[in-house]
Amino acid sequence: GKPLKSYEIALGRQPEGPKRFQGDNKTPEGHYKIDARKENSAYHRALHISYPSQQDIAFAAAQKRPTGGAIMIHGLPNGMGSMGRLHLLRDWTAGCIAVTNSEIEELWRVVRNGTPIEIRP
């Protein structure tokens, strides 16, 4: 029930406020789970987040808009790992959570599918 570790992260390009719709460049906020992994991605490894939740789907449906998806915690774009922590200078993802390649390697090793996470920008 206690956080084990926290990370400095880069978020979606529009980080203020919760993710509501596809293409809003926001990162989901709240409680989710790691529900899948993607070893071969455009980024150095990726852990899929269980967004959208039923609440997210209901809100978007009421607005007649798509929720989007494919929200992940991932490393840096392939070939740009040497950027390291410089990626933290601005929020740059389309809604994902970016960490350094060494941090995603650590998360990949220790975080299992089904692990609950809380996203707090």
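In this predicted model, strand 2, residues 44–49, and strand 3, residues 72–74, run antiparallel and are joined by three bridges. In general, the strands of a sheet pair through backbone hydrogen bonds, in either a parallel or an antiparallel manner.

These two strands belong to an open sheet of five strands, whose order is 4-3-2-1-5 and whose pairing is mixed. Strand 4 (97–98) and strand 5 form the edges, since each of them pairs on one side only. Helix 2 packs on this sheet and touches strand 1, strand 2 and strand 3. The direction of helix 2 makes about 55 degrees with that of strand 2.

Helix 2 also contains glutamate 103. Is this residue buried or exposed? Glutamate 103 counts as buried because its relative accessibility is 14%, and the limit for that class is under 20%. Apart from neighbours within four places in sequence, glutamate 103 is in contact with Tyr7, Glu8 and Arg85.

The largest pocket may be considered next. Its volume is about 980 Å³, and 25 residues line it. Of these lining residues, Lys5, Ser6, Pro116, Ile117 and Glu118 lie nearest the centre of the pocket. Strand 1 (30–40), helix 2 (101–110) and strand 5 (116–119) each supply at least two residues of the lining. Strand 5 provides the largest share, four residues. By class, the lining of this pocket comprises 16 nonpolar, four polar and five charged residues.

Terms used
Residues are numbered from 1 along each chain as its sequence is written. This is a predicted model: local features need pLDDT of at least 70, side-chain atom pairs count only at pLDDT 80 or more; totals for chains, interfaces and linings use all residues. Side-chain values use heavy atoms; hydrogens and water are left out. On a 1 Å grid over the protein atoms alone, a cavity is a set of points where a 1.4 Å probe fits but cannot get out, and a pocket is an open set with protein on both sides within 12 Å along at least five of seven lines; lining residues have an atom within 4 Å of a point. Grid points are joined across faces, edges and corners, and a volume is the space filled by probe spheres set on the points. Ala, Val, Leu, Ile, Met, Phe, Trp, Tyr, Cys and Pro count as nonpolar, Asp, Glu, Lys and Arg as charged, and the others, Gly among them, as polar. Buried means under 20% relative accessible area, exposed over 50%, partly exposed in between (1.4 Å probe, protein chains only). Contact means heavy atoms within 4.5 Å. Two strands pair if DSSP finds at least two bridges between them. Axes are lines fitted to C-alpha atoms, for helices over the stretch in contact, and angles run from 0 to 180 degrees between N-to-C directions.
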